[in-house]
Amino acid sequence: MNPELMQSGAKRLATYQQKIAQSPVVNTASGGSMSLGRPHQSGELDLVHGRILYLEDVSVSFDGFKAINKLSLDIAPGELRCVIGPNGAGKTTMMDIITGKTRPDEGVVYFGSTINLLRHTEPEIAAMGIGRKFQKPTVFEKLSVFENLELALKTHKDVRSSLFFRLDSEQSDRLDEVLHIIKLTGHVHQTAGNLSHGQKQWLEIGMLLMQEPRVLLLDEPVAGMTDEETERTAELLLQLKGKHCLIVVEHDMKFIEAISDTVTVLCDGAVLAQGPLAKVAADERVIESYLGR
């Protein structure tokens, strides 16, 4: 991992921790903390409590089946959090709740310390800066890499604005920056449908980055990739860490090992274990329910 990026991420977290020390705090059920001491400024994402996402006692049932059961979770700004667990553990439902696709039966879900996500629609949540990538890449296959990224720019999408839209220098620089990050500079004019599976995944991540998200939810980002593509995806996510909060749901344990600091294990809709991968992998409950012997 780039030493400058590590230092930058450490400085960001140190700043948040310093702010926390100056405000009253309470412990959260999932082991984090929430500040009670700072008024929110209009138009600002309040991160003084040191958490960008906060879920507390969230539950949801479908036809009598409890998909999420008293789930509590908190994520720090700039953190790369990996979420693992068996099929049916509630991983996808958790992301559905965060992005507004599913409404829980009970519990609270906050973006920063002041924005109650349960009061907002799916498009509103996306516009606030929470982006989601599904397992199957969804790019415009008949358009070029450049055109896909241009369409994803955070601009007005009404008819008049679209008809007369021209890239300004700042937008052009941002597009070039994202092309470099996703390593598709040499494919800028290539039709997206002709990219490899891994390249399509990177392009979709690039399209999300064009929206300037604060949080990225990635559902099995390396599924179906070659070993080389998986390694490059790990490098990409580590490059984004610190600049964005990343929540990665994945089954590839080698990939998890390459990118993870903290791993959350879900089972039966709740947190079964949490901590460094070595710690959770040695947990008898995790071995029994997910990893096997």
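1. Let's start with Gln 199. Leaving aside residues up to four places away in sequence, Gln 199 touches Leu 184, His 187 and Glu 229. Gln 199 sits in helix H7. Is this residue buried or exposed? Its relative accessible area is 15%, and buried means under 20%, so Gln 199 counts as buried. Please keep in mind, here and below, that this is a predicted model.

2. Not counting residues up to four places away in sequence, Leu 240 touches Ile 181, Ile 205, Leu 209, Leu 216 and Leu 246.

3. Now find strand S9, residues 215-219. S9 is mostly covered, with 5 of its 5 residues buried. In a regular strand, side chains alternate between the two faces of the sheet. You can follow this along S9: Val 215, Leu 217 and Asp 219 point one way, while Leu 216 and Leu 218 point the other way. Residues on both sides are buried, Asp 219 included.

4. What does S9 pair with? Strand S8 (residues 130-133) is joined to S9 by 4 bridges, and these two strands run parallel. Within that pairing, Arg 132 stands opposite Leu 217 of S9. Strand S10 (residues 245-249) is joined to S9 by 5 bridges, again in parallel. There, Leu 216 has Leu 246 in S10 as its bridge partner. To get from S9 to S10, the chain crosses through helix H8 (residues 227-240), and this β-α-β crossover is right-handed.

5. Four strands form an open sheet in the order S4-S3-S6-S7. Its edge strands are S4 (65-75) and S7 (115-116), each of which pairs on one side only. Strand S3 (residues 53-62) pairs with S4 over 7 bridges, in the antiparallel sense. As a landmark, Phe 62 stands opposite Phe 65 in S4.

6. Stepping back, the protein chain contains 11 helices and 12 strands. Of its 293 residues, 51% are buried. If you take the contacts between residues at least 6 apart in sequence, 65% of them join residues at least 24 apart.

7. Last comes the predictor's confidence. The mean pLDDT of the protein chain is 84, with 80% of its residues reaching 70 or more. Where does the pLDDT fall below 50? One such stretch is residues 19-42, which has 48 contacts in the model beyond near neighbours in sequence. Another is residues 156-164, where pLDDT stays under 50 and the model has 4 contacts beyond four places in sequence.

Definitions and conventions
Residues numbered from 1 in each chain as written. Heavy atoms only, no water. Contact = heavy atoms within 4.5 Å. Buried < 20%, exposed > 50% of the residue type's maximum accessible area, 1.4 Å probe, protein only. Pairing = 2+ DSSP bridges. Right-handed = clockwise from strand over helix to strand, strands pointing away. pLDDT = per-residue confidence, 0-100.
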